[in-house]
Amino acid sequence: MQSAQSRRGLKERVLDLVFLIGVAVKGLDGAIELIGGAFLLFVTPTEILGLTRRAFASELAEDPNDPIVNGILHSIGHLASGDARFLAAYLLVHGIVKIAVVIALLVGSRRVYPWALIVLLLFLIYQVYEIVTAPSVGVIVLTALDVFVIWLTWREWRHGRTLHQTWRETVHWVLRRDRHGIEQPTA
């Protein structure tokens with residue numbers, strides 16, 4: 001039977017792993033936003049609608065009433081040129097900031113954590129505004145995930161470790177476990 005200290009250690013290691021996965025997802029999300037923002041700068045809403053119709057042509061031929069595809073087409077159809085430029089700017093800034101935060105965390109400075117928390121909280125405030133003014137399930141789910149990532153970032157900062165230290169300790173922990181999840185002693 002595991003002791004209370006052992007269970008607490010397991011919980012801490014799992015949270016470290018989730019934090020590392022969260023940082024990786026934020027970096028990937030930032031890259032996708034950066035690419036999407038750049039795409040919106042150079043492609044008009046009409047061209048986007050045409051590309052989307054071609055991409056989903058076979059799905060619509062199979063089911064012309066598909067609610068997901070029709071919802072996407074409806075949303076893109078209402079995207080005005082000014083809205084597309086605002087969305088492009090938002091995605092570019094959001095993507096650049098996320099990538100910058102991830103890179104700064106990877107560089108290993110603990111001074112980055114407060115700045116990362118401030119940036120994430122500012123994005124969170126905007127997302128809460130979006131939930132209040134135009135609620136959507138997607139934004140609500142992303143906001144809940146961001147709250148969890150903010151908490152994990154604060155936790156990591158409080159522990160006084162750099163991202164590199166957390167990575168090294170977590171990889172070591174994962175590699176020392178057997179197939180039953182029991183940590184193997186070192187020789």
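The side chains of Arg-155 and Asp-16 are joined by a polar contact of 2.9 Å. Keep in mind that this is a predicted model. The protein chain has 8 helices and 0 strands, and Arg-155 sits in one of those helices, H7. Below is a quick tour of the charged pairs, the nonpolar cores, a surface patch and the chain as a whole.

**Arg-155 and Asp-16**

- With a relative accessible area of 1%, Arg-155 is buried, because buried here means under 20%.
- Asp-16 is buried too, at 2% relative accessible area.
- The Arg-155 and Asp-16 side chains also count as a salt bridge, at 2.9 Å from N to O. Since Arg-155 belongs to helix H7 and Asp-16 to helix H1, this pair ties together parts that lie 139 residues apart in sequence.
- Leaving out residues up to four places away in sequence, Arg-155 touches Glu-12, Leu-15, Asp-16 and Arg-161.
- One of those residues, Leu-15, also turns up in the largest nonpolar core.

**Other salt bridges**

- The count of salt bridges comes to 8.
- Asp-16 has another partner in Arg-13, with a salt bridge of 3.6 Å from N to O.
- Arg-13 and Asp-16 are separated by about one helical turn, because they are 3 residues apart in helix H1.
- Lys-98 pairs with Glu-33 in a salt bridge whose closest N and O atoms are 3.4 Å apart. Here distant parts of the chain are linked, with Lys-98 in helix H5 and Glu-33 in helix H1, 65 residues apart.
- Both Lys-98 and Glu-33 are buried.
- Through shared partners, salt bridges connect Glu-12, Arg-13, Asp-16, Arg-155, Glu-156 and Glu-169 into one network.

**The nonpolar cores**

- In soluble globular proteins, nonpolar side chains tend to be buried together.
- The largest nonpolar core in this model has 12 residues: Leu-15, Phe-19, Leu-20, Val-23, Val-101, Val-102, Leu-105, Val-112, Tyr-113, Ala-116, Leu-152 and Leu-163.
- Which helices give two or more residues to this core? They are H1 (4-42), H5 (81-107) and H6 (112-133).
- Helix H1 contributes the largest share of the core, with 4 residues.
- Another core of 9 residues lies apart from the largest one, with Val-43, Leu-49, Leu-73 and Ile-76 among its members.

- Gly-22 is found in helix H1.
- At a relative accessible area of 15%, Gly-22 is buried, because the cut-off for buried is under 20%.
- Gly-22 and Leu-152 are 130 residues apart along the chain, yet their C-alpha atoms are separated by 8.6 Å.
- Leu-152 is itself one of the residues of the largest nonpolar core.

- Leu-10, Val-14, Val-18, Phe-148, Trp-151, Trp-154 and Trp-157 make a nonpolar surface patch of about 570 Å².
- Helices H1 and H7 (137-159) each bring at least two residues to the patch, and H7 gives the largest share, 4 residues.
- Trp-157 lies in helix H7. At 31% relative accessibility, Trp-157 counts as partly exposed, because residues over 50% count as exposed and those under 20% as buried.

**The chain as a whole**

- From the N terminus on, the elements run α-α-α-α-α-α-α-α.
- The protein chain has 187 residues, and 29% of them count as buried.
- Taking contacts in the chain with a separation of 6 or more, 70% are between residues 24 or more positions apart.
- The accessible surface comes to about 12100 Å², with 70% of that area belonging to carbon and sulfur atoms.

Note on methods. Residues numbered from 1 in each chain as written. Predicted model: local features only at pLDDT ≥ 70, side-chain atom pairs only at ≥ 80, totals over all residues. Heavy atoms only, no water. Core = buried A, V, L, I, M, F, W, Y, C linked by side-chain atoms within 4.5 Å. Buried < 20%, exposed > 50% of the residue type's maximum accessible area, 1.4 Å probe, protein only. Patch = residues over 30% accessible without salt bridge, like charges linked within 9 Å, V, L, I, M, F, W, Y side chains within 5 Å. Areas by Shrake-Rupley, 256 points an atom, 1.4 Å probe, with all protein chains shown as cover. Salt bridge = Lys/Arg side-chain N within 4 Å of Asp/Glu carboxyl O. Contact = heavy atoms within 4.5 Å. Polar contact = N/O pair within 3.5 Å; in protein donor to acceptor, adjacent residues only side chain to side chain.
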